[in-house]
Amino acid sequence: MKDCRKIRLYQEEEVMAKFELIMPKMGESIIEATILSWTKKIGDPIEQEETVLEIATDKVDSEVPSPVDGKLLEQRFKEGDVVAVGTVIAVIETETEEDNPGNGNGHPTFEEAKKELVSAGSGVPFLPVDQPVAETVSLSGSASDRFYSPLVLNIARTEGITMGELETIPGSGRDGRVTKKDILAYVSERSAAPVVTPVAATTAISAAQPVVAKAPAITFSHSGEYDIIEMDRMRKLIAQNMVNSKHVSAHVTSFVEADVTNITVWRNKVKNAFEARYNEKLTYTPIFIMAVARALREHPMVNISVDGDKILVKKDINIGVAVALPTDNLIVPVIRHADRLNLAGLSAAVNDLANRARINKLKPDELEGGTYTISNVGTFGNVMGTPIIMQPQVAILATGAIRKIPAVVETPTGDMIAIRQKMFLSHSYDHRVVDGALGGRFVKKVADILESWDINTPI
């Protein structure tokens, strides 16, 4: 984070220099962020690594620290502004020339600073003062020179907004750019009448994405006393993502009951020794992840995503784990290459990501790249659920509560009734590309792996 937040610039005055603070790149798919608040005012002294402002993306909130000691000279954007990655957001006046190495005047030259940043591997473009930043990408088919960010284009595709319609939306961003806030406001105010626009009659956002007819808006009347609670930013994003997933994927859910008595007995037997050896609590979640990773290796057509009419089969198995936050919002950090980790490694990864998620310390990259997701609804005492798929994945598993129930057990001398530890596995999948046979076989395989757990498995 530190290396991708700074650009060191040439000397402006004889004894003073400027550092430009840029909007950091917060992940591969993040192209802009919203300024939540400035923790420093113009003229305030700043110490190195001290937070200057707080920002938010679609994935996570974060703090932006200063890479240098100095004084805040400029704030180039206001709170609430949506700013593209790589844009200069603040200017910091540094100490005197004696405190800064570099050229003959005590400051690095432009080329020296550029080399320093490139060698640090930040991947952030190095820009001189006032040099314009290419904030967004141009869309082929636009009749104007207007720019649209990938995020705005994605919302337009989802909402069935054509290019001609998009170009009529007023923009509040720099140079009239349409921000996410602008397009979402436009969507909410759009005509209530359903409209289906012929593809041939206008320039579509993408040939691979069909134009979606808008359902009529519904006006509700409310009676009695009630309180009004404004959704916070994360809740709005969750709501949007869940509705979008239902619009995109044809959800089907299969249920399988698994006997996890051996796992329960084994965990109770080894959990204290496990914690003593690895300094990690042994929960059921890493065991579920291990089973899912094995099942995905045997059923690669569940570890896929859809791009138009193409199926992308993912070679990596990156499993997202849904984590409930203290605010009751939900966040899904990702364990990369989960199939390569043993139980101790999975336990460490799960505990670390869950703990940092609850205190808002996750990195944006830790929320990206998932190929399959697990949601442990049993944590809340739920027996089963019908989870919603995390796009662009095609499946998600909900693990229910483990309960003691009477069950028929087959023995060499005949069947008998015994108390067993059982749970339901709820597998939601995208019926566009995962048929019932594959979806059912996959979740049954997960159950088989759990049921075949060796009670003498070493830690």
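**Salt bridges, an open sheet and aromatic contacts**

Arg356 and Glu366 form a salt bridge, with their closest N and O atoms 2.7 Å apart. A salt bridge here is a side-chain nitrogen of Lys or Arg within 4 Å of a carboxyl oxygen of Asp or Glu. Arg356 belongs to helix 8 (residues 343-358) and Glu366 to the loop between helix 8 and strand 17, so the pair ties together parts that are ten residues apart in sequence. The model is predicted: local features need pLDDT of at least 70, side-chain atom pairs count only at pLDDT 80 or more, and totals for chains, interfaces and linings use all residues. Residues are numbered from 1 along each chain as its sequence is written, and side-chain values use heavy atoms, with hydrogens and water left out.

**Salt bridges**

- The count comes to 14 salt bridges.
- Arg356 is buried, with a relative accessible area of 19%. Buried means under 20% relative accessible area, exposed means over 50%, and partly exposed lies in between (1.4 Å probe, protein chains only).
- Glu366 also counts as buried, at 18% relative accessibility.
- Salt bridges that share partners join Glu20, Glu74 and Arg76 into one network.
- Helices (H or I, at least four residues) and strands (E, at least two) are DSSP runs, numbered from the N terminus.
- Glu20 is buried, at 2% relative accessible area. Arg76 counts as partly exposed, at 28% relative accessibility.
- Glu93 and Lys71 meet through their side chains in a salt bridge of 3.7 Å, N to O.
- This pair also links distant parts of the chain: Glu93 lies in strand 9 (residues 88-93) and Lys71 in strand 7, 22 residues apart.
- Glu93 counts as buried, at 17% relative accessibility. Lys71 counts as partly exposed, at 36%.

**The open sheet 6-5-3-8**

- Four strands make an open sheet in the order 6-5-3-8, with antiparallel pairing. Two strands pair if DSSP finds at least two bridges between them.
- Strand 6 (61-65) and strand 8 (82-84) stand at the edges, each with a single partner strand, so one side of each has no neighbour in the sheet.
- From one strand to the next, the twist averages 40°. Axes are lines fitted to C-alpha atoms, for helices over the stretch in contact, and angles run from 0 to 180 degrees between N-to-C directions.
- Strand 5 (residues 51-56) pairs with strand 6 in the antiparallel sense over five bridges. Leu53 has Val64 in strand 6 as its bridge partner.
- Strand 3 joins strand 5 through four bridges, and the two run antiparallel. Here Trp38 has Leu53 in strand 5 as its bridge partner.
- Strand 3 joins strand 8 through three bridges, again antiparallel. Glu32 stands opposite Ala84 in strand 8.
- Five of the seven residues of strand 3 (residues 32-38) are buried, so this strand is largely enclosed by the rest of the structure.

**Aromatic rings**

- The whole structure holds four aromatic pairs. Rings of Phe, Tyr and Trp (its six-membered ring) pair if their centres lie within 6.5 Å; planes under 30 degrees apart count as stacked, over 60 as edge-to-face and the rest as tilted.
- Tyr372 and Phe442 form a tilted pair, 5.4 Å centre to centre with 50° between the planes.
- The pair links distant parts of the chain, 70 residues apart: Tyr372 is in strand 17 (residues 372-375) and Phe442 in helix 9 (residues 436-451).
- Tyr372 and Phe442 are both buried.
- The charged end of Arg267 sits over the ring of Tyr284, 4.7 Å from its centre. The rule requires NZ of Lys or CZ of Arg within 6 Å of the ring centre and within 35 degrees of the ring normal.

**Helix 4**

- Lys180, Asp182, Ile183 and Val187 are buried in helix 4 (residues 180-189).
- These four cover an arc of only 165° around the axis, which puts them on the same side of helix 4. The arc is that of the directions from the helix axis to the C-beta atoms.
- Lys181, Ser188 and Glu189 are exposed on the other side of helix 4.
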